[in-house]
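User: I would like to go through this structure step by step. Could you show it first?

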Amino acid sequence: MSRTRNAAVLVAAVALLALAGCGSGQNQQTADNPGGAVIRTASADPNGLRGAVLDRPYALPAKSLTDTSGNEFNLRTSTKKPVTLVFFGYTNCPDVCSTVMADVASALTKLDEPVRNDVQMLFVTTDPARDTGPVIRKYLDRFDPSFVGLTGSLASIKDIAKAVGVPVEGMKKLPSGGYEVGHGAQVLGFGKDEKATVLWLSNAAIGDMAHDFGKLVEDNR
């Protein structure tokens with residue numbers, strides 16, 4: 001198999017795992033890889049990161065959303081810490097979102113306080129119709145009060161998600177009358193240059209995330 005074919009297969013495999021969000025129809029978007037990033041295995045990363053490493057980084061868009069206090073939050077200028085983690089999800093997600101938020105919170109507790117304080121966690125809702133500021137704030141406080149929750153128009157959120165390689169399906173109606181939202185379940189790690197070179201899938205080990213968060217802080221101070 002050629003090197004190009006190997007890369008394509010690896011990207012597809014990671015996309016399939018990353019799109020483990022809430023929604024039975026989510027696999028329709030497994031081929032969505034807007035940035036065209038090539039992902040290599042952690043063992044191939046010279047810096048020793050344990051997550052999925054991107055050969056072509058995703059740039060964090062200079063777009064603004066609204067935080068849980070109703071204030072404008074620019075994804076670039078409002079992030080003051082050396083490392084920014086970004087996750088797209090929603091508060092009514094029945095499984096993966098809570099698991100990922102709990103895992104990130106647990107990983108952060110394994111870091112020394114000065115290191116932990118240099119990491120900013122951003123939770124961007126994929127369900128702005130239901131996820132108001134107070135709803136998101138109450139949800140995130142279950143995991144870590146320092147987590148920043150963001151909302152905005154669904155169109156804006158989808159554009160931002162696409163720019164960083166995260167597929168978002170939008171609403172899918174359920175027989176019960178409610179709906180679920182299919183979305184990518186990866187956490188992206190951005191450095192002070194506002195670029196993500198690594199992501200962690202929803203099944204990432206807490207110890208691996210803690211290791212990588214600390215490494216990113218060290219590299220971006």
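Analyst: A search of the whole structure finds five salt bridges, a salt bridge being a side-chain nitrogen of Lys or Arg within 4 Å of a carboxyl oxygen of Asp or Glu. This is a predicted model, where local features need pLDDT of at least 70, side-chain atom pairs count only at pLDDT 80 or more, and totals for chains, interfaces and linings use all residues. Residues are numbered from 1 along each chain as its sequence is written, and side-chain values use heavy atoms, with hydrogens and water left out.

User: Which residue forms a salt bridge with Arg 137?

Analyst: Asp 141 does, with the closest N and O atoms 3.0 Å apart. Helices (H or I, at least four residues) and strands (E, at least two) are DSSP runs, numbered from the N terminus.

User: And what does Asp 127 meet in a salt bridge?

Analyst: Its partner is Arg 130, at 2.6 Å, N to O. Asp 127 has 2% relative accessibility and counts as buried, whereas Arg 130, at 28%, is partly exposed. Buried means under 20% relative accessible area, exposed over 50%, and partly exposed in between (1.4 Å probe, protein chains only).

User: New topic: how many bridges join strand 10 to strand 11?

Analyst: Four bridges join these antiparallel strands; two strands pair if DSSP finds at least two bridges between them. Phe 190 stands opposite Ala 196 in strand 11.

User: Which way do the residues of strand 10 point?

Analyst: Val 187 and Gly 189 point one way, Leu 188 and Phe 190 the other, and all are buried. In a regular strand the side chains alternate between the two faces of the sheet.
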